[in-house]
Amino acid sequence: MRLPIVIYGEQILRTKCSDIDKDYPDLSDLIKDMTETMFASNGIGLAAPQIDLPIRLFIIGSNQIKMPVQVFINPEIISYSEETCDMAEGCLSIPGLNEIVTRSETITIRYKNVNFEDVTETYNGLYARVIQHEYDHIEGKLYVDYIKQTEEIISHLEKLKNK
Ligand code: CO
C-alpha cells in the first residue's frame, strides 16, 4: 500500500525518533509499504517520520540506479569521516528543491537488520550520502538545515509550510 508522505512544516519531521523492538506491530508490512512508497515516488531513501511514524527506521534503495533495498532499524552512525564531498540532494518531503550539500564521504553505522540482528557496516559515496540524509530524518534534521538560507529557499519552504 502506498503511504502519504509528510511535507515540510509538519512537526514530525522535527522529532527525534525512538527505537523500536522486535514486537513492533506489523513491521514487515510497514517495510513493504515503505518500499512501495519509495519506489512509487522515485526516491532512493525513505525514513519513518516521512510517513508520520516517530520511530528509528529507514530504508534505502532504487531500481533505477541498481541500489538494492536495505532496511536500517534503530541505527546509530558511529563515525563520520573528515573527508567530505558535495552533491545535490532532494527530499520527498521537500518537493521542488535540489541543493548541494556537503557531507562526509564515509560513515560507519550500527543498526539492526530486518531479523533484528546487529550489524555494523561502513559505506562511502552515494550510499554514505543517502544513509546520512535518511539518518538525519530520524534525528529530526533536514538537508535544508545545512544550506545557505537564500530568499528563494526561504520563500519556497514557507510555501510548502503553508500548503
Ligand atoms: Co529526505
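Student: Starting at Asp145, what does this residue count as by relative accessibility?

Tutor: Asp145 counts as partly exposed, because its relative accessibility is 37%; buried means under 20% relative accessible area, exposed means over 50% and partly exposed lies in between, with a 1.4 Å probe and protein chains only. This is a predicted model, in which local features need pLDDT of at least 70 and side-chain atom pairs count only at pLDDT 80 or more, while totals for chains, interfaces and linings use all residues. Residues are numbered from 1 along each chain as its sequence is written, and side-chain values use heavy atoms, with hydrogens and water left out.

Student: OK, and which side chain does Asp145 meet in a salt bridge?

Tutor: Asp145 meets Arg14, with 2.8 Å from N to O, where a salt bridge is a side-chain nitrogen of Lys or Arg within 4 Å of a carboxyl oxygen of Asp or Glu.

Student: How many salt bridges does a search of the whole structure find?

Tutor: The search finds 10, and one of them joins Glu139 to Lys16, with the closest N and O atoms 3.1 Å apart. That pair also links distant parts of the chain, 123 residues apart, from the loop between α2 and α3 to the segment before α1. Lys16 counts as exposed, since its relative accessibility is 54%.

Student: And Glu76, which residue does it form a salt bridge with?

Tutor: Glu76 pairs with Arg56, the closest N and O atoms being 3.5 Å apart. Glu76 is partly exposed at 33%, whereas Arg56 is buried at 3%. Through shared partners, salt bridges join Lys16, Asp19, Arg56, Glu76 and Glu139 into one network.

Student: Switching to the metal, which residues coordinate the cobalt ion?

Tutor: Cys91 through SG, and His133 and His137 each through NE2, coordinate the cobalt ion at 2.1 to 2.3 Å. Donors here are N, O and S atoms within 2.8 Å of the metal (3.2 Å for Na, K and Ca), and water is not among the atoms, so sites may look incomplete. Cys91 is in the loop between β4 (84–89) and β5 (99–104) and His137 is in helix α2 (residues 125–138), so this pair ties together parts that are 46 residues apart in sequence.

Student: Are those two buried or exposed?

Tutor: Cys91 counts as buried at 10% relative accessibility, and His137 counts as buried at 1%.

Student: What about the largest nonpolar core, how many residues does it have?

Tutor: That core has 17 residues, and those with the most contacts inside it include Phe58, Phe72 and Ile131; a nonpolar core is a set of buried Ala, Val, Leu, Ile, Met, Phe, Trp, Tyr and Cys residues joined through side-chain atoms within 4.5 Å. Helix α2 gives the most to this core, with 5 residues. A second, separate core of 16 residues includes Ile31, Ile51, Ile55 and Ile59.

Student: Last one, where is the place of Leu46?

Tutor: Leu46 belongs to strand β1 (residues 45–47), and it counts as buried because its relative accessibility is 0%.

Key
Helix = DSSP H or I, 4+ residues; strand = E, 2+ residues; numbered from the N terminus.
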